[in-house]
Amino acid sequence: MLRRTALLGLGLTILAACGPSRQGRIGPDGLPLPTIYRIGEEDAAAIPFRMQENINTLRRAAGLPLVQLDPQLNAAAATHSRDMAVQNRPWHFGSDGSSPLDRLNRVGFQGGLVGEAISETFETETETLAAWMLEPATRDVIMSPRARKMGIAWFQEENGKIWWTMVLGY
């Protein structure tokens, strides 16, 4: 019985070694090389809901009202993400000088603006949210007690760079 167990263990070890490596590539500095996060169709459909769920988890833990996805805020965020890519800079003003409030008015949003969080990165939405939560200004927008609605969008360039925009309103 012991011999059979030892042979089975050896066989499983050999099979495991034949499988694909899960270890990433290592750079000359000994650190893992970055991988490009490509947003596919399945991810694109799920990202807004994952972001909403993650934000609401944070807000629930803080005793804050939950936010709902809003299609108009999504549209305003999408316009700005694409525009930031065209301008090749992360900032809150459009190439036409528009502000976040201007973009909300253009999509017909009837509520008020709490704020906007933006990012130029190669990171996932979860990593981007974590970075936003580390910055007091964006954390204050995400955790504002006034926020009731949210919009999230991105534009991904061919090289993998992602321009994220999240808008919160009430």
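Predicted model: local features only at pLDDT ≥ 70, side-chain atom pairs only at ≥ 80, totals over all residues.
Residues are numbered from 1 along each chain as its sequence is written, and side-chain values use heavy atoms, with hydrogens and water left out.

Start with the overall layout. The protein chain has six helices and four strands, taken from DSSP runs (H or I of at least four residues for helices, E of at least two for strands) and numbered from the N terminus. Going along the sequence, the pattern reads α-α-β-α-α-β-α-α-β-β. Of the 170 residues in the protein chain, 38% are buried; that means under 20% relative accessible area, with exposed being over 50% and partly exposed in between (1.4 Å probe, protein chains only). Now take contacts, meaning heavy atoms within 4.5 Å. Among those in the protein chain with a separation of 6 or more, 65% join residues 24 or more positions apart.

Next, the middle of things. The largest nonpolar core has 22 residues. A core here is a set of buried Ala, Val, Leu, Ile, Met, Phe, Trp, Tyr and Cys residues joined through side-chain atoms within 4.5 Å. Met51, Trp132, Ile142, Met150, Met166 and Leu168 have the most contacts inside this core. Two or more residues each come from H2, strand E2 (113-121), H5, helix H6 (136-142), strand E3 (149-156) and strand E4 (162-169), and E4 gives the largest share, four residues.

Now for a helix pair. Two packed helices are described by the angle between their axes and the distance between the axes. Helix H2 (residues 41-61) and helix H5 (residues 125-134) pack at about 35°, with axes 10 Å apart; axes are lines fitted to C-alpha atoms over the stretch in contact, and angles run from 0 to 180 degrees between N-to-C directions. The crossing of H2 and H5 is right-handed, the near helix being turned clockwise from the far one by less than a right angle. On the H2 side the contact is made by Ile47, Arg50, Met51, Asn54, Ile55 and Leu58, and on the H5 side by Glu125, Thr126, Leu129, Trp132 and Met133.

What about the aromatic rings? There are two aromatic pairs, where rings of Phe, Tyr and Trp (its six-membered ring) pair if their centres lie within 6.5 Å, with planes under 30 degrees apart called stacked, over 60 edge-to-face and the rest tilted. Trp91 and Phe93 are edge-to-face, at 5.5 Å centre to centre and 65° between the planes. Trp91 is partly exposed at 31% relative accessibility, and Phe93 is partly exposed at 38%. The Trp154 and Trp164 rings have centres 5.6 Å apart and planes at 50°, so that pair is tilted. Because Trp154 lies in strand E3 and Trp164 in strand E4, the pair ties together parts 10 residues apart in sequence. Trp164 is buried, with a relative accessible area of 0%.

Last stop: Val114, found in strand E2 and buried at 16% relative accessibility. Not counting residues up to four places away in sequence, Val114 touches Val141, Ser144, Arg146, Ala147, Leu168, Gly169 and Tyr170.
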